[in-house]
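Please look over the model below before reading on.

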Amino acid sequence: MPTPRRTFVAAAALLAAGFSATAAMASGNAWPAAKPITLIVPFSAGGNVDTTARLIGQKLGERLHQSVVIDNVPGAGGVLGVSKAVKAPADGYTLLMGFDGPISIAQLVNSAVKYDAEKDLIPVGLTTIAPVVAVARPGLPAHNLNELIALARSKPGSLTYATSGVGTMLHLAMEMLQERAKIKLVHVPYRGGAQITSDVMGGQVDIGMLTTVSAVPMVQQKKLEGLGVTSARRIDAIPNVPTFGETAELKGFDLNTWTGLFVPAKTPQAVVIRLATELDAVLKLPEVKKRLEDGGATPGSGTQASFVQFLKKEKAGYAQIVKSAHIQAE
């Protein structure tokens with residue numbers, strides 16, 4: 001019987017074996033042919049995953065001399081898009097811009113998820129890492145996390161916070177905050193960042209948990225107030241917003257979202273190696289680095305093997321939070 005981690009381990013072994021993309025392509029594999037590549041984005045247009053995918057897809061297309069078509073498949077916190085990707089032909093013409101929720105968290109919180117990302121996908125490379133930003137509605141009598149915690153303690157169970165869904169990275173971050181600070185807020189799940197931003201600005205919910213792509217412009221324009229970022233360090237795009245870890249109850253807090261490129265299991269080795277090589281080159285382009293960093297993200301780096309290890313470590317951390325907070329999809 002194959003082990004649940006065979007695909008990830010195989011990907012790591014492939015890199016360690018030292019095959020070169022040039023040698024692999026010389027063996028007779030005709031990929032890439034003159035036909036479009038589809039890049040599945042398991043999120044709606046305009047979000048951080050979509051923005052990253054369009055940038056990476058464009059640059060990959062330029063390097064591969066063919067078009068990359070974006071296929072947005074939102075729904076179920078990204079599960080629908082990943083489900084489509086794992087069922088796609090493993091011929092090198094379907095890619096997936098995966099992210100933490102449907103890749104590493106979904107199976108932990110929802111027994112209805114039928115795919116196993118560790119068996120059904122091959123990781124190509126890490127594309128971005130970015131924190132979550134907690135923002136407050138106009139008029140909320142809390143301007144930082146210390147004040148938010150004090151307010152929540154004075155009104156237990158009355159403050160509301162919005163995320164992009166149960167079991168998402170945004171949800172886990174706030175559950176972790178509540179556990180450490182020993183406070184209770186009411187979770188209001190949404191379908192995307194645009195709706196969260198709109199309702200926080202309109203005062204329908206008190207706090208929004210947003211990715212940097214959604215939060216940074218709002219904070220910079222002073223349309224929303226940043227309460228904190230979940231990374232260990234402040235981010236340059238909004239340097240006045242403190243980290244969660246700067247609050248006494250949250251010392252050491254460090255939780256980030258990520259995106260990464262994947263392909264269906266059994267995709268030819270030569271294709272995987274070529275994609276990993278080209279992705280690494282794309283992420284080193286000055287214009288790509290600048291655009292990602294302007295949005296509050298850190299460009300991915302490292303080898304395909306290091307991405308495999310990153311995924312294992314992240315999933316183990318998510319499992320601890322899910323178990324401690326008793327998170328389950330409804």
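The questions and answers below concern this predicted model.

Q: What is the mean pLDDT of the chain?
A: The model is predicted, and pLDDT is the predictor's confidence in each residue. Of the chain's residues, 90% reach 70 or more, and the mean is 89.

Q: Over which residues does pLDDT stay under 50?
A: Where pLDDT is low, the predicted coordinates should not be read in detail. The stretch concerned has 22 contacts beyond four places in sequence in the model, and pLDDT stays under 50 there, over residues 11–29.

Q: Which element gives the largest share of the lining of the second largest pocket?
A: The second largest pocket has a volume of about 570 Å³. Its lining has 28 residues, and Ile129, Pro131, Ser231, Asp254 and Asn256 are the closest to the centre. Two or more lining residues come from each of strand E4, helix H8, strand E10 and helix H13. The largest share is seven residues, from H13.

Q: How many residues of the lining of the second largest pocket are charged?
A: The lining divides by residue class, with 13 nonpolar and seven polar residues. The charged residues number eight.

Q: Is Ser164 buried or exposed?
A: Ser164 sits in the loop between strand E5 and H8. Beyond its neighbours within four places in sequence, Ser164 contacts Leu170, Tyr190 and Ile196. Its relative accessibility is 14%, and the cut-off for burial is under 20%, so Ser164 counts as buried.

Q: How many of the 10 residues of helix H5 are buried?
A: Helix H5 spans residues 100–109 and is mostly covered. Among its buried residues are Asp100, Pro102, Ile105 and Val109.

Definitions and conventions: Residues numbered from 1 in each chain as written. Predicted model: local features only at pLDDT ≥ 70, side-chain atom pairs only at ≥ 80, totals over all residues. Heavy atoms only, no water. 1 Å grid on protein atoms, 1.4 Å probe; cavity = no way out; pocket = protein on both sides within 12 Å on 5 of 7 lines; lining within 4 Å. Points joined across faces, edges and corners; volume = space filled by probe spheres on them. Helix = DSSP H or I, 4+ residues; strand = E, 2+ residues; numbered from the N terminus. Nonpolar A, V, L, I, M, F, W, Y, C, P; charged D, E, K, R; others polar. Buried < 20%, exposed > 50% of the residue type's maximum accessible area, 1.4 Å probe, protein only. pLDDT = per-residue confidence, 0-100. Contact = heavy atoms within 4.5 Å.
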